Amino acid sequence: MAEQKKKPEQRQIKIEIDNEVADGTYANLSMIASNNSEFIFDFARFLPGNTRGKVVSRVVLHPVQAKAFLRSLNEAVDRFEASFGAITPEPAHKDLGFSMDMPDENFGKA
């Protein structure tokens, strides 16, 4: 009689979120830095007419998690564009005080 392989037990993971975090934080600018062991994502708010912005959140990811995040973000953007149309930099938003000039063929691509 052949031995039957047991399926690994599936564990259910419960993720909790504090109310303050659940409310979210608005950011209209992001910056990414990396070194040999991590990616640092800074999310900032820059308001028109100001000369300074402020980082409102920083997320540090291991490179494997950063790659998984990139894949998930690309899938989410694809679903969004399938429902609502292409995301493109609007000319009205180009005068925020920082440059968003980029070729359209590179916008949203990883």
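Guide: Let us begin with a definition: a residue is buried under 20% relative accessible area, exposed over 50%, and partly exposed in between. The model shown here is predicted.

Visitor: Why is Phe80 called partly exposed?

Guide: Phe80 has a relative accessible area of 41%. Phe80 belongs to helix H2 (residues 63–84).

Visitor: What makes Phe80, Phe84 and Ile87 a patch?

Guide: Patches are made of residues with over 30% relative accessible area and no salt bridge, nonpolar side chains being joined within 5 Å. Phe80, Phe84 and Ile87 form such a nonpolar patch on the surface, with about 320 Å² of accessible area together.

Visitor: How do you know that Asp42 forms a salt bridge with Arg58?

Guide: The closest N and O atoms of Asp42 and Arg58 are 2.5 Å apart. A salt bridge requires a side-chain nitrogen of Lys or Arg within 4 Å of a carboxyl oxygen of Asp or Glu, and therefore the pair qualifies. The pair links distant parts of the chain, with Asp42 in strand S2 (residues 39–45) and Arg58 in strand S3 (residues 54–61), 16 residues apart. A search of the whole structure finds 1 salt bridge.

Visitor: Why is Asp42 called buried, and why is Arg58 called exposed?

Guide: Asp42 has 11% relative accessibility; buried means under 20%, so Asp42 counts as buried. Arg58 has a relative accessible area of 56%; exposed means over 50%, so Arg58 is exposed.

Definitions and conventions
Residues are numbered from 1 along each chain as its sequence is written. This is a predicted model: local features need pLDDT of at least 70, side-chain atom pairs count only at pLDDT 80 or more; totals for chains, interfaces and linings use all residues. Side-chain values use heavy atoms; hydrogens and water are left out. Patches are made of residues with over 30% relative accessible area and no salt bridge: like charges are joined within 9 Å, nonpolar side chains (Val, Leu, Ile, Met, Phe, Trp, Tyr) within 5 Å. Accessible areas come from the Shrake-Rupley method with a 1.4 Å probe; for residues, only the protein chains shown count as cover. Helices (H or I, at least four residues) and strands (E, at least two) are DSSP runs, numbered from the N terminus. Buried means under 20% relative accessible area, exposed over 50%, partly exposed in between (1.4 Å probe, protein chains only).
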